[in-house]
Amino acid sequence: MEFRVLRGGLSRAVTVVALAAALATGSTGLLPAMEAHAAPATEGTFAFSGDEGDYISLGQSYAYATASQDRVDVYANADNSVVSLSVDGANGDWWYLNLAAPSGSALAPGTYAGATRHPFNGPSEPGLSLDGNGRGCNTLTGSFTIEAVEFGPAGYVETLDATFEQHCEGGVEAARGEVHIDNPEPPAALDLGLAVALQGTAGTLNGKATLHGSVSCSKPVRVDVSGDVTQVKKQKLIRGSYATVVNCVPGAPVAWSATAAPTGDVPFQRGDVEVEARATAIDPDYDESVSAAETVAVHLARG
């Protein structure tokens with residue numbers, strides 16, 4: 001049985017969710033701005049303190065660490081221009097930190113002065129936002145320094161060492177802190193392969209087209225295979241769609257088979273058809289869709 005094979009790369013859709021609403025007053029907390037698949041840090045610490053009169057810190061000191069059973073989640077946006085951190089303290093505290101480079105540039109080691117409140121900073125300004133425990137700034141100024149940062153695919157943050165200083169509402173009082181993230185090397189992205197057999201069958205009793213093929217994968221995933229079949233016979237257009245699900249495991253191609261019913265009253269018949277095929281799966285490490293697709297001519301025999 002002959003196959004056509006296409007190996008598909010990532011179809012990435014990693015985005016950073018912006019803050020849901022601006023603060024009405026300085027005493028109203030910000031709504032969390034976390035992306036759906038923020039990854040827990042393997043090793044991470046987050047600490048900050050503030051001057052007396054600083055609204056965010058209330059003049060106190062705070063320290064959290066994964067080694068102390070505090071959860072620290074971190075992720076970057078699609079172009080690595082924003083890193084977002086969330087902390088769920090074992091004591092019930094919760095904090096959010098966003099560090100953003102000016103528009104069009106990825107975060108890199110260096111000092112980012114003149115930061116304003118993320119995500120409302122202008123395109124030429126860095127962005128900064130520390131909020132949590134029900135407190136946030138309406139407006140802010142500040143700066144941050146990236147000492148080290150390394151990114152992987154799909155928003156993965158391997159290394160982050162940074163310090164920051166934030167002033168709420170134009171005040172001289174400040175909150176100052178630091179974050180350190182040390183994650184292992186990022187997992188490889190899911191590689192997905194799709195093959196369509198160049199021979200199929202046209203059912204003599206039900207007029208349906210039966211198609212075959214295989215999928216391959218670099219990680220265990222559920223693969224959705226679907227597509228459309230088109231045939232022209234005696235100047236009549238015959239069309240149908242098919243879909244099936246395959247549990248794919250690495251190591252060897254896994255077969256799939258699916259049947260397309262004609263949408264009209266003219267059955268699929270022996271001869272050539274055009275088959276559009278798509279395979280999609282979710283990368284379990286990055287929670288993003290990966291796809292492969294191809295269009296081939298398939299010969300239907302009577303079945």
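Colleague: What angle about the S-S bond does the link of C137 and C168 have?

Modeller: The angle about the S-S bond is -55°, and the link of C137 and C168 is left-handed. C137 sits in the loop between β9 (127–132) and β10 (140–151), and C168 in strand β11 (residues 157–168), so the pair links distant parts of the chain, 31 residues apart; strands here are DSSP E runs of at least two residues, and helices are H or I runs of at least four, both numbered from the N terminus. Please keep in mind that this is a predicted model, in which local features need pLDDT of at least 70 and side-chain atom pairs count only at pLDDT 80 or more, while totals for chains, interfaces and linings use all residues. Residues are numbered from 1 along each chain as its sequence is written, and side-chain values use heavy atoms, with hydrogens and water left out.

Colleague: How far apart are the sulfur atoms of C137 and C168?

Modeller: They are 1.6 Å apart, and the two cysteines form a disulfide, a term that here stands for a pair of cysteine sulfur atoms within 2.5 Å.

Colleague: And are C137 and C168 buried or exposed?

Modeller: C137 is buried at a relative accessible area of 3%, and C168 also counts as buried, at 9%. Buried means under 20% relative accessible area, exposed means over 50%, and partly exposed lies in between, using a 1.4 Å probe and protein chains only.

Colleague: How many disulfides are there in the whole structure?

Modeller: A search finds two, and with bonded cysteines counted along the chain they follow the pattern 1-2, 3-4. One of them joins C217 to C248, with an S to S distance of 2.2 Å, and the link is left-handed, with -105° about the S-S bond.

Colleague: Switching to rings, how many aromatic pairs does the structure hold?

Modeller: It holds 10. Rings of Phe, Tyr and Trp (its six-membered ring) pair if their centres lie within 6.5 Å, and planes under 30 degrees apart count as stacked, over 60 as edge-to-face and the rest as tilted.

Colleague: What about Y242 and W256, and where do they lie?

Modeller: Both Y242 and W256 are buried. Their rings form a stacked pair, 6.0 Å centre to centre with 5° between the planes. Y242 lies in strand β17 (residues 236–248) and W256 in strand β18 (residues 254–262), so the pair ties together parts 14 residues apart in sequence.

Colleague: Which residues do ring pairs link into a cluster?

Modeller: The cluster consists of F46, F48, Y62, Y64, W95 and F164, and two of these residues, F46 and Y64, are buried.
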